[in-house]
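I opened a new notebook page for this one.

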Amino acid sequence: MADEKDIVICRCEDVTLSKIRELIEKGYTTPDEIKRITRAGMGPCQGRTCRDLIIREIARITGKKIEEIPMTTFRPPIRPIKLGVLAESEDDE
Ligand code: FES
């Protein structure tokens, strides 16, 4: 069985389960607090992969229901565009 130190919860920001558990034990019991400290949820997927895992871990350790845990701020996906697209304008043609 895998050691919890090796279990990666946030693949985008390389945050492990042991780090998440350590922060919850210290009293950081909202996803936003954990996000600010670890950047978990701030990667390219914007938390789509890790957010629910973090919320479930907070619920498990604190004994709260998942519905009682405040959600993180959820931003729409941003797609990278080429700089040339921004530099182009209709006047240039
Ligand atoms: S897995 Fe955490 S931000 Fe993508």
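In which hand does α1 pass α3, left or right? I found a right-handed crossing. I note at the outset that the model is predicted.

**Entry 1: the helix pair.** I looked up the axes of α1 (residues 17-25) and α3 (residues 51-62). They come within 10 Å and cross at roughly 45 degrees. That angle is why I log α1 as oblique to α3. Next I listed who makes the contact. From α1 I have Ile20, Arg21 and Ile24. From α3 I have Ile54, Glu57, Ile58 and Ile61. I sorted these residues by type and got five nonpolar, two charged and no polar.

**Entry 2: Ile24.** I skipped residues up to four places away in sequence. Ile24 then touches Glu57, Ile58 and Ile61, and also Thr29.

**Entry 3: Ile54.** I placed Ile54 in helix α3. Is Ile54 buried or exposed? I counted 26 C-beta neighbours inside 10 Å, so Ile54 is buried. Beyond four places in sequence, Ile54 contacts Ile9, Ile20, Pro31, Ile34 and Ala40. I then took the C-alpha distance from Ile54 to Ile9 and got 7.6 Å. In sequence the two are 45 residues apart.

Key. Residues numbered from 1 in each chain as written. Predicted model: local features only at pLDDT ≥ 70, side-chain atom pairs only at ≥ 80, totals over all residues. Axes fitted to C-alpha atoms, helices over the stretch in contact; angles between N-to-C directions. Helix = DSSP H or I, 4+ residues; strand = E, 2+ residues; numbered from the N terminus. Parallel < 35°, antiparallel > 145°, perpendicular 65-115°, else oblique. Left-handed = near helix turned anticlockwise from the far one by under 90°. Contact = placed C-beta atoms within 7 Å. Nonpolar A, V, L, I, M, F, W, Y, C, P; charged D, E, K, R; others polar. Buried ≥ 20, exposed ≤ 12 C-beta atoms within 10 Å, placed from the backbone.
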